[in-house]
Amino acid sequence: MSKKLLLKNDHVPYINKLSVYREHGGYSVLEKTLKNTSPENVLEEVKKSGLRGRGGAGFPTGLKWSFLARPEGVPRYLVCNADESEPGTFKDRYLMERIPHLLVEGMILSSFALGANTSYIYIRGEYFYVARILEQAIEEAYAAGLLGKNILGSGFNHDCYVQVGAGAYICGEETALLESLEGKRGNPRIKPPFPAVAGLYGCPTVVNNVETIAAIVPIIEMGGEEYAKIGVGKSTGTKLISASGHINNPGVYEIELGVPVEEFIYSAQYCGGIRGGRKLKAVVAGGSSVPILPTELILKTANGEPRLMSYESLGDGGFATGTMLGSGGFIVMDEDTSIVKNLYTFARFYHHESCGQCSPCREGTGWMEKILHKILEGHGTLKDIDLLWDIQSKIEGKTICPLGEAAAWPVAAAIRHFRSEFEDYVTNPESIKDIKHYYRLQN
Amino acid sequence: MITSEQIAFSKETLELVQKMMLRYPEGKHKSALIPVLHIAQAEFGGWLSAPVMDYVASILKIQPIEVYEVASFYSMFNLQPVGKCLIEVCRTSSCWLCGAEDIIDHIEKKLDIKVGETSKDGRFSLKAVECLGSCGTAPMMQVGADYHENLTIDKVDELLEKFKTEDKQSRYC
């Protein structure tokens, strides 16, 4: 279960350089495709592969591509979402930093399929040094005739640019990203129209995550049908998981979808178990937005089946007993962790990152942060727990973009699965005196 | 303090900005606003004063309000002066789980400033920030453009010593 498609060469020295990337087969897929294949065939292979968006939503990529409007005489754009800001997620950074040419090759291949002559990689401003790595890769690609006019004699023209953001989680939402790319505040647009019809500069646009675009290269190399054989059920292929928190081996792992969660946490090949041999308390499996699950529900579904790292298995049981694969930001918490304090860091994050357009999100995120702070400081009441529940339920589904849900779900899940801990905070603080709010550094 | 008359990009920077504007289709050069604001912040003392923003508006041929509304939206743009060395410590979930608060407390004591403040000599500014995508190498801090990861107290002390003489104001350099 350790098939590697994206990170198979991540430890090759200087793989970030074009010459080394090519020695390891880089750009051969692009060459073959431009020579022998039509854009329609590329789209067909992506559809067959069953690839689902790796940014978090898991929407089928082939389907998203097929929605792209193709009016005569109007340019089409491909925009790569490299705004990676979901707490717990750092896989795209790793991929871009280590193998920038894989993303560039994926950008050209995808643009060929979509008929886009211009593409932008929108990267979060804090990843400034990664933007530089990408720019160097793009420069090398231009010099080698892999970008620009008449690429490799195929008649296909393509320009690719890197655009840096300036610190705003909301710009990971595709329409906010497009606004930001147009030089505006990152306020999400009302949909429809969807970007496939009216995206960047009002033109048909596809926005895909870094990992999604990189995955196009192995998909075209092996063929969609072969790719679809990897993984489990509708969770085809491999996925990059960012593992962090109280584990022995934090880092980015490429897994074949379907690895049991228990194996992922405890196997030496992956997380290597809980730090200091402690017990597991809870996991946030797919980035801060997805519901937190206690040990018994993250290792096994409510039916007692082993929980797998796949879209379906992690989602099994709905939000009552399940969660989501999301962006693959896998945060592990040991037995002493304060769930309330962890939730507070999330609530503070969403309050900070709400763009302020919709009242339920702008006001609700602030209230949730304040109430959690009050509970943590020992001034909470039982009514506050109900109030938190009430507020989150009034944000969900009532905002233009999914930041509302992203802020509401973690609150709902923490109360759903750890209500007794919240109650102890307000009625019996003595009983939780061993719970940790503050972690000292090892020195 | 820079006065309005002195605000002008160098010839090289102007050329860079003109080249940047060619990345976008004709008439869509406003797209260059965020990258150009990064450059302006780096060139004019680590923050964006109203005259600097007005200058950027004039370069991009857009209204000053279009610059203000963008500069005030994004957390990387400083609308107040900052120290010559801007320290930003991540404190969201994974970093908190791995001791970010201990880092913040240590730096506060060491520099005798609180989060959000600048040291009296104008050398250091300290910010606590939200997730910087370094969760697997937590705890971490960004100083200028650089990521410093897997922090320990010793490592922080070493870095603070180094930054006494090294300017790390802007992340765009």
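In chain A, α16(A) brings A:Pro360, A:Cys361, A:Thr365, A:Met368 and A:Ile375 to A:Leu403, A:Gly404, A:Ala407, A:Val411, A:Phe422, A:Tyr425 and A:Val426 of α18(A). Contact means that C-beta atoms, placed from the backbone, lie within 7 Å; helices are DSSP runs of H or I, at least four residues, numbered from the N terminus. By class, this contact has 10 nonpolar, 2 polar and no charged residues. Ala, Val, Leu, Ile, Met, Phe, Trp, Tyr, Cys and Pro count as nonpolar, Asp, Glu, Lys and Arg as charged, the others, Gly among them, as polar.

This is a predicted model: local features need pLDDT of at least 70, side-chain atom pairs 80 or more, while totals for chains, interfaces and linings use all residues. Residues are numbered from 1 along each chain as its sequence is written, with chains lettered from A and ligands numbered from 1 in the order written.

For geometry, α16(A), residues 359-376, and α18(A), residues 403-427, pack at about 20° with axes 12 Å apart. Axes are lines fitted to C-alpha atoms over the stretch in contact, with angles from 0 to 180 degrees between N-to-C directions. The pair is therefore roughly parallel, a label for angles under 35 degrees.

Finally, the chain contact takes 51 residues from chain A and 44 from chain B. On the chain B side, α2(B) supplies the largest share, 5 residues.

Terms used. Two residues are in contact if their C-beta atoms, placed from the backbone, lie within 7 Å. Helices (H or I, at least four residues) and strands (E, at least two) are DSSP runs, numbered from the N terminus. Angles under 35 degrees count as roughly parallel, over 145 as roughly antiparallel, 65 to 115 as roughly perpendicular and the rest as oblique.
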